[in-house]
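Good morning, colleagues. Please have the sequence and the coordinates open while I go through a selection of local features.

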Amino acid sequence: MNNEEIYYPSEEVIQQANVKEYDKLYQYSIEEREAFWAEQAEKLEWYKKWDKVLDDSNKPFYEWYRGAETNIIHNAIDRHLGTPTQNKLAYIWEGEDGEIKTYSYHALNREVSIFANILKAMGVKKGDIVTIYMPQLPEQIFAMLACAKIGAAHSVVYGGFSSEALLDRIKAAKSRVVITADGGYRRGKPTHLKKIVNEALEMCSVVEVVITVKRTGEAVEMQNDRDFWFHDLKALPIANGKCETVHMKSTDMLFLLYTSGSTGKPKGLVHTHGGYSVYTATTMRMVFDIKPEDRFWCAADPGWITGHSYIVYGPLINGATIFSYEGAPNHPYPDRWWRMVEKFGISILYTSPTAIRGLMRFGESWVEKHDISSLRLLGSVGEPINPEAWKWYYKHVGKEKCPIMDTWWQTETGGFMIAPLPITPLKPGSATKPFFGNEMAVVNDKGEKVATGEQGNLVIKAPWPGMAATVHNDDERFVETYWKRFEKQGFYSAGDAARKDEDGYFWIIGRTDDVIKVSGYRLGTAEIESAIVSHPSVAEAAAIALPHDLKGNAIHGFVILKHGLVASAELEIQIKNHVAKMMGPIAKPESITFVDALPKTRSGKIMRRVLKARALGEDEGDLSTLAD
């Protein structure tokens, strides 16, 4: 290894690790990919085994464990019943107001069965898609698991999205049933989720049933014959009794999850029961080195893929204890997280660089007030972590003894693609090496490998079990978005720029397409620009990401006003607030710059890289395609 800063794992970490050697096993997983993934699948239970590990006869629509029958719930809950795991804590939840709820695997099964019985009584059947729009409550997780149990797919929409964004996702999924809550708590104030659902449904005829969980107790408008309180349904005889887990094909849809793309329309990515079960379980077990006594806290929201894979499915399949928290990291004080780590004996914490930078701002004293010695591993997700934040996290949270699992992956991949193991020597800011079975490369625009240390496009060279099956009802878009660019080589295009160093470590640089990452959340520039242009004063707009100390990136808008209108500070505030209303607070621009023209190609495409270079005072590069 070269002489960059390298952090080596301690002898104790190496001794305890589930996987004690990387190179040989990685080599085997690449040379004998199907054998490797068959061995991992054998660690789970199946109603019927597969005829074929990988069917690649219809590329890029790969089918994993073809012919097998399973249901992710069998492995996440059912198989733990009647074993010592049954009485173990499956789930600990803390509300922002300090309320605590705990569930053993036995109790989790009971809650999920009740929810599943209610859904069945409401006419939900195998193959339906149920939209879930909730704060971080136990019922959010029960609802996801209940859908899967009865063979319905869930489409979880992040609770920070606006009524317009929610409406788009409900209509695209054709959801008859929506599950929500009156609200949740954020910084001591209630969020009004049911109100947002009601606004969305004013423009939507497809929804017949809305089930609302009571959390804040605030008055909400309920419509006769459509709206039902969850606690009322729970008290009915229909909710009680056993609920059988439905047998599914390995390739049947488990969930839809919408992600922003470079065009305005969000993409509903389809994940399936079989391959996703194996992939999340394997990555969780090996990267986070999961042990029966661990208490695992992934501080993401279940509304994103991180929450699906590493709050809900991956840990439960491994029989772990999961923890989740409803509110803001620094409410009422900046030691809220450290207080909970101490109180519940959390051993693994997985969070985003944005959260780490946010807590860093308050200094070390808040961390040092608490005994967080239960921590043995840390994780980072959502965007590349800057070395300064990495070192602070390692030193002050991990006390220089907890390796940091810096993971690179996407909604599309279902689980970690590049990530260290606890035994891997770490370089701050690098996601290190590919996970088993994954061949990754950095290539130029022709698909040829670039030189060591040179920047290029990150690609995945071969299929993996966690991969999305397609874009919901749009196979063409799936091919176009991910496979068309390097069709000749058969590579999956990740849309990220990266470089690979002489030790084979990958360094992710950021998006190459028109997607902005704010606080680890993906937002399409087309969606943001549409929201800006929907303001009555705006004629045309462009959105770019510029570096931000806290969020990683912040959105900056460039606006051409309609003829005769004059720019003002007041109008800037109006436009920012309008975008927040249209898309949710996460999409609110940091600044709006009023301009007379936007740099465009001759075909009319906005050259956002020119705006970005100008804003950062950098070289604008090749301008030969610029129209003006």
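This is a predicted model: local features need pLDDT of at least 70, side-chain atom pairs count only at pLDDT 80 or more; totals for chains, interfaces and linings use all residues.

I begin with arginine 187, which is partly exposed at a relative accessible area of 45%. On the scale used here, buried means under 20% relative accessible area, exposed over 50% and partly exposed in between, with a 1.4 Å probe and protein chains only. Arginine 187 has a positive phi of about 55° although it is not a glycine. Its place is the loop between strand S9 (185–186) and strand S10 (189–190). Helices (H or I, at least four residues) and strands (E, at least two) are DSSP runs, numbered from the N terminus.

Residues are numbered from 1 along each chain as its sequence is written, and side-chain values use heavy atoms, with hydrogens and water left out.

To remain with the backbone: most residues other than glycine have a negative phi, and most peptide bonds are trans. Aspartate 289 also carries a positive phi, of about 50°, without being a glycine. Aspartate 289 is found in the loop between H10 and strand S16 (295–298), and it counts as buried at 1% relative accessibility.

Which peptide bond has an omega of about -5°? That bond joins lysine 59 and proline 60, and it is cis. Proline 60 belongs to the loop between S1 and S2. The bond from histidine 331 to proline 332 is cis as well, with omega near 0°. Proline 332 lies in the loop between strand S17 (321–325) and H12.

I turn now to the helices. In H2, residues 23–31, the buried residues are Tyr26, Ser29 and Ile30. Seen down the axis of H2, these fall within an arc of 95°, so they line one face of the helix; the arc is that of the directions from the helix axis to the C-beta atoms. An α-helix has 3.6 residues a turn, so residues three or four places apart point the same way. Against what do the buried residues of H2 pack? They pack against helix H3 (33–41), where contact means heavy atoms within 4.5 Å. On the other side of H2, Lys24 and Glu31 are exposed.

Threonine 280 sits in helix H10 (residues 273–287) and is buried, with a relative accessible area of 0%. A polar atom of its side chain lies 3.4 Å from the backbone oxygen of serine 277. Leaving aside neighbours within four places in sequence, threonine 280 is in contact with residues including Ser309, Tyr310 and Tyr313.

Threonine 306 lies in helix H11 (residues 305–317) and is buried at a relative accessible area of 10%. Beyond four places in sequence, the residues touched by threonine 306 include Cys298, Tyr350 and Trp409.

Methionine 340, in helix H12 (residues 336–344), counts as buried at 1% relative accessibility. Not counting residues up to four places away in sequence, methionine 340 touches Glu94, Trp297, Phe323, Tyr325, Gly345 and Ile346. Methionine 340 and tyrosine 325 are 15 residues apart in sequence and 9.0 Å apart in space, C-alpha to C-alpha.

Finally, the aromatic rings. Rings of Phe, Tyr and Trp (its six-membered ring) pair if their centres lie within 6.5 Å; planes under 30 degrees apart count as stacked, over 60 as edge-to-face and the rest as tilted. How many aromatic pairs does this rule give? The count comes to 44. In one of them, tryptophan 46 and tyrosine 65 have ring centres 5.4 Å apart and planes at 45°, so the pair is tilted. Tryptophan 46 lies in the loop between H3 and strand S1 (52–55) and tyrosine 65 in strand S2 (residues 63–66), so the pair ties together parts that are 19 residues apart in sequence. Tryptophan 46 is buried at 12%, and tyrosine 65 is buried at 0% relative accessibility. Ring pairs also link Tyr22, Tyr26, Phe36, Trp37, Tyr279, Phe435 and Phe436 into a cluster.

Two charges sit over rings, by the criterion that NZ of Lys or CZ of Arg is within 6 Å of the ring centre and within 35 degrees of the ring normal. The charged end of arginine 169 is 4.6 Å from the ring centre of phenylalanine 161. Lysine 214 lies over the face of tryptophan 229, at 5.0 Å from the ring centre.

How values were computed
A polar contact is a pair of N or O atoms within 3.5 Å; within protein, one must be able to donate a hydrogen and the other to accept it, and residues adjacent in sequence count only if both atoms are side-chain atoms.
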